[in-house]
Each structure stands twice: as structure tokens, then as C-alpha cells.
Amino acid sequence: MLSKVGGLLTLATVFACREANETDARDVRHVIDSLNTKLVAWYAAGQADSAAQIFAQDVWALPPNSEPLVGRDSLRSFQKNVFSTGKWQFTMHTDDVVAADSLAMERGHYTLEVTAGPQARYPSFADQGNYVQLWRKDSDGHWRTVWEAKVSTVPLPMPPSPPTTSPTKTPPTPGAPKA
């Protein structure tokens, strides 16, 4: 019995002395807020290469009304394309961060105003909505977005109504009895 108690005390001492692997959500939120501030500035300046560095190599970005963008190179290519066709003014506000170890989940809301340039295949538009981002602290010590999903709260425009046609009367067949 004494050896069991001694073993438990030794085990408790080992676990008590090991380095805690806790993550302070306030510290992580400060890092996320700083990175979001940079991201907003890079979007406004059309700097896709800089903006892409905030995202992990294996990122899954889920923009509203679009197919997923898988991988940093895919996201960078998408950003370069949209930045070249207009001016993107983006704001982000973090509402909450939950963190544990090397992962953090951010929930927030955004606004977006896009001024279409001459080569754009779309009109200028505004959007707003909510987002969630899963962040991961990579082996190099940098926090990067692994998953990102933006959910627009702006309703999609209604499709145009189909043209209405008036019923046509068919002319009577010659020689047919009249009803």
C-alpha cells in the first residue's frame, strides 16, 4: 500500500512540475486583432501576397456565394483576381475568441464595400455579415487561419419574374361547328 501511495505522489509531482500547455484567450485575441488589422489594410491596398500569409498552407476559405478556396495558393490567386478588378474596403470586428493549446476559434462580423473597376465583370456592391475562423499556431510560432467561413446577412436579389404571356385564342377551324 505504501508503494502505491509513493507511486501516486511521484506521478502527481511529475504532472505538477510539467509546463502547462494552456493558452490565454485574451493573448490570442490580441494577436488575432492585430492580424485582422493588417489583413484589412492589405485588402484595401490590394496586396494579395501579404494577405495570403495570414492563412495556413492548408486553408479552407468559404466565401459567400462561392465555391470553397482550398490551399493558400488558391486563396492568393482568388484575391489577386478580385483585387485587380476593383477596390475592396473590408472591416472585421472580433466578437469572441475561444482558445485551447494551439487552436483558437474566432467569431465576428464584417462589412465589405466593393467599387468595381473598368475591367470588372460585376457592379459595385456592399455586403455585411458574420464570420467564424479557426486559427492554428503553426510550428514557426505564427497564428494562421485554417478555416474561414463568411456568412452574408444581405439577401440575394430576387430573380426577375418570367414574362407573362396572355392566353391566345386559337382561330376557329374553317367548317367546324360553332360552340
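This is a predicted model: local features need pLDDT of at least 70, side-chain atom pairs count only at pLDDT 80 or more; totals for chains, interfaces and linings use all residues.
User: Is strand β6 largely enclosed by the rest of the structure or largely open, and how many of its residues are buried?

Analyst: Strand β6 spans residues 143-152, and a residue counts as buried under 20% relative accessible area. The strand is largely enclosed by the rest of the structure, because the number of buried residues among its 10 is seven.

User: Which residue of β6 stands opposite tryptophan 60?

Analyst: Strand β1 (residues 55-62) runs parallel to β6, and four bridges join the two. Phenylalanine 55 stands opposite threonine 145 in β6. For tryptophan 60, the residue opposite in β6 is tryptophan 147.

User: Which residue takes a positive phi in the hairpin of β5 and β6?

Analyst: Strand β5 (residues 125-137) runs antiparallel to β6, with nine bridges between them. Arginine 136 has arginine 144 in β6 as its bridge partner. Five residues lie between the strands of this hairpin, and the one with a positive phi near 90° is glycine 141.

User: How many bridges join β3 to β4?

Analyst: The hairpin of β3 and β4 has two residues between the strands, and aspartate 101 takes a positive phi near 55° there. Phenylalanine 90 stands opposite leucine 112 in β4. The two strands run antiparallel, and the number of bridges joining them is 14.

User: In β5, what is the bridge partner of threonine 111?

Analyst: Strands β4 and β5 run antiparallel and are joined by 12 bridges. One of the pairs links threonine 111 to a residue in β5, namely glutamine 128.

User: Which element gives the most to the lining of the largest pocket?

Analyst: The largest pocket holds about 770 Å³ of space. Of its 30 lining residues, the closest to the centre are Pro64, Ser66, Phe78, Trp88 and Phe125. At least two lining residues each come from α4 (72-83), β3 (86-100), β4 (103-116), β5 and β6. With five residues, the element that gives the most is α4.

User: How many residues of the lining of the largest pocket are nonpolar?

Analyst: The lining comprises 30 residues, with Phe78 and Trp88 among those closest to the centre. Six residues of the lining are polar and four are charged, while the nonpolar residues number 20.

User: Which residue has a side chain joined to that of histidine 109 by a polar contact?

Analyst: Histidine 109 is found in strand β4 and is partly exposed, with a relative accessible area of 33%. Beyond its neighbours within four places in sequence, histidine 109 is in contact with Thr91, Met92, His93, Asp95, Gly129, Asn130 and Tyr131. The polar contact between side chains has a length of 3.0 Å, and the partner is aspartate 95.

User: Is threonine 85 buried or exposed, and at what relative accessibility?

Analyst: Threonine 85 is placed in the loop between α4 and β3. Not counting residues up to four places away in sequence, it touches Ala116, Gly117, Gln119, Ala120 and Tyr122. A polar atom of the threonine 85 side chain lies 3.0 Å from the backbone oxygen of valine 82. Because the cut-off for buried is under 20%, threonine 85 counts as buried, at a relative accessibility of 12%.

Notes. Residues are numbered from 1 along each chain as its sequence is written. Side-chain values use heavy atoms; hydrogens and water are left out. Buried means under 20% relative accessible area, exposed over 50%, partly exposed in between (1.4 Å probe, protein chains only). Two strands pair if DSSP finds at least two bridges between them. On a 1 Å grid over the protein atoms alone, a cavity is a set of points where a 1.4 Å probe fits but cannot get out, and a pocket is an open set with protein on both sides within 12 Å along at least five of seven lines; lining residues have an atom within 4 Å of a point. Grid points are joined across faces, edges and corners, and a volume is the space filled by probe spheres set on the points. Ala, Val, Leu, Ile, Met, Phe, Trp, Tyr, Cys and Pro count as nonpolar, Asp, Glu, Lys and Arg as charged, and the others, Gly among them, as polar. Contact means heavy atoms within 4.5 Å. A polar contact is a pair of N or O atoms within 3.5 Å; within protein, one must be able to donate a hydrogen and the other to accept it, and residues adjacent in sequence count only if both atoms are side-chain atoms.
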